[in-house]
Amino acid sequence: MNVNYIIVGQGISGTWLSYYLEKENKSFLVIDNHDPKAPSRLAAGIINPVTGRRHVETWMIDELLPNAWNVYTQLGKELGITGISQKNVVDFFPSPQMRLSFQQRVEESGPYVSMNEAGYTFSSFFNYEFGYGEITPVYTAHLETIIPTWRTYLKTKNLLLEEDFDLLSLNISDEKIEYKNITAQKIIFCDGIGCGNNPYFKNLPFCR
Ligand SMILES: Cc1cc2nc3c(=O)[nH]c(=O)nc-3n(C[C@H](O)[C@H](O)[C@H](O)COP(=O)(O)OP(=O)(O)OC[C@H]3O[C@@H](n4cnc5c(N)ncnc54)[C@H](O)[C@@H]3O)c2cc1C
């Protein structure tokens, strides 16, 4: 088998990469061991415009948020599933200090946070004597359906090899990449935290 790219891993990174390579008419084979504990199979898929206790805006969020909505919506459409939905976050303040900190963010005109003085009431469900704020819009990318549906698609097109990638079977020369009976021009690792054990990336400062 001869392909342009070997992709190792079909988490969310390998999924998007293979999706876009296909759009570019590039040939590829995805190799994935279907680890049920891989983060992409566990994650809630929340795309939150603010981060941390101080609700600081996420890096590049003004560009990322609309783009995420558009591309996940499109992917969902193509796969016949819901790719993304909006689920705003309600933040019940655990203390007057946290309320003050949130209020300061609102006053600094963070567009993604607001105080909800007289908004909805949750008092029949929760005790929240210090009130609450709201983060909006917050999106949920539906990885729980995107990843398996894309996997099924890859399988039907014979673009997925379900196995543990074996580094000892990899041969890299100036002209080509060889893995078992597969020849490729490039190999791209989308194997998540597994990259930390990959000798090709041993000089990168992975946190352990
Ligand atoms: C519990 C949890 C909740 C999270 N919630 C969120 C969230 O709400 N929002 C958010 O933005 N992020 C969240 N994250 C982080 C997010 O899930 C990860 O950053 C993201 O999924 C990483 O995707 P990935 O494709 O790079 O790697 P991974 O998800 O690790 O995918 C790697 C893939 O490679 C395969 N693989 C690995 N090694 C090999 C090998 N040797 N041979 C063959 N296949 C291999 C695995 O089976 C897997 O399919 C969460 C993470 C966790 C753990």
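Analyst: What follows describes helix α5 and then moves to a strand it packs against.

The model is a predicted one. Helix α5 takes in residues 143–156. At 1.5 Å a residue, its 14 residues should span 20 Å, and the end C-alpha atoms are 20 Å apart, so the two values agree.

Which residues of α5 are buried? They are Leu143, Ile146, Ile147, Trp150 and Leu154. Around the axis they cover an arc of only 90°, which means that they lie on the same side of α5. The face turned away from that buried side carries Thr152 and Thr156, which are exposed.

The buried residues pack against several elements: the helices α1 (12–23), α2 (39–42) and α3 (61–79), and the strands β2 (28–32), β10 (139–141) and β11 (160–162). Just after α5, Asn158 takes a positive phi of about 55°.

One of these packing partners, β10, belongs to an open sheet of 3 strands in the order β3-β10-β6, with antiparallel pairing. β3 (46–47) and β6 (84–86) each have a single partner strand because they stand at the edges, so one side of each has no neighbour in the sheet. Between β6 and β10 there are 3 bridges; Ser85 has Thr140 in β10 as its bridge partner.

The ligand is surrounded by 27 residues, and the closest are Gly9, Gly11, Ser40, Ala43 and Gly192. α1, β2 and α2 are the elements that give two or more residues to this shell. By type, the shell holds 12 nonpolar, 11 polar and 4 charged residues.

Definitions and conventions. Residues are numbered from 1 along each chain as its sequence is written. This is a predicted model: local features need pLDDT of at least 70, side-chain atom pairs count only at pLDDT 80 or more; totals for chains, interfaces and linings use all residues. Helices (H or I, at least four residues) and strands (E, at least two) are DSSP runs, numbered from the N terminus. The expected span of a helix is 1.5 Å times one less than its number of residues. A residue is buried if 20 or more other C-beta atoms lie within 10 Å of its own, exposed if 12 or fewer, and partly exposed in between; C-beta atoms are placed from the backbone. The arc is that of the directions from the helix axis to the C-beta atoms. Two residues are in contact if their C-beta atoms, placed from the backbone, lie within 7 Å. A residue is near a molecule or strand if its C-beta atom, placed from the backbone, lies within 6 Å of it. Ala, Val, Leu, Ile, Met, Phe, Trp, Tyr, Cys and Pro count as nonpolar, Asp, Glu, Lys and Arg as charged, and the others, Gly among them, as polar. Two strands pair if DSSP finds at least two bridges between them.
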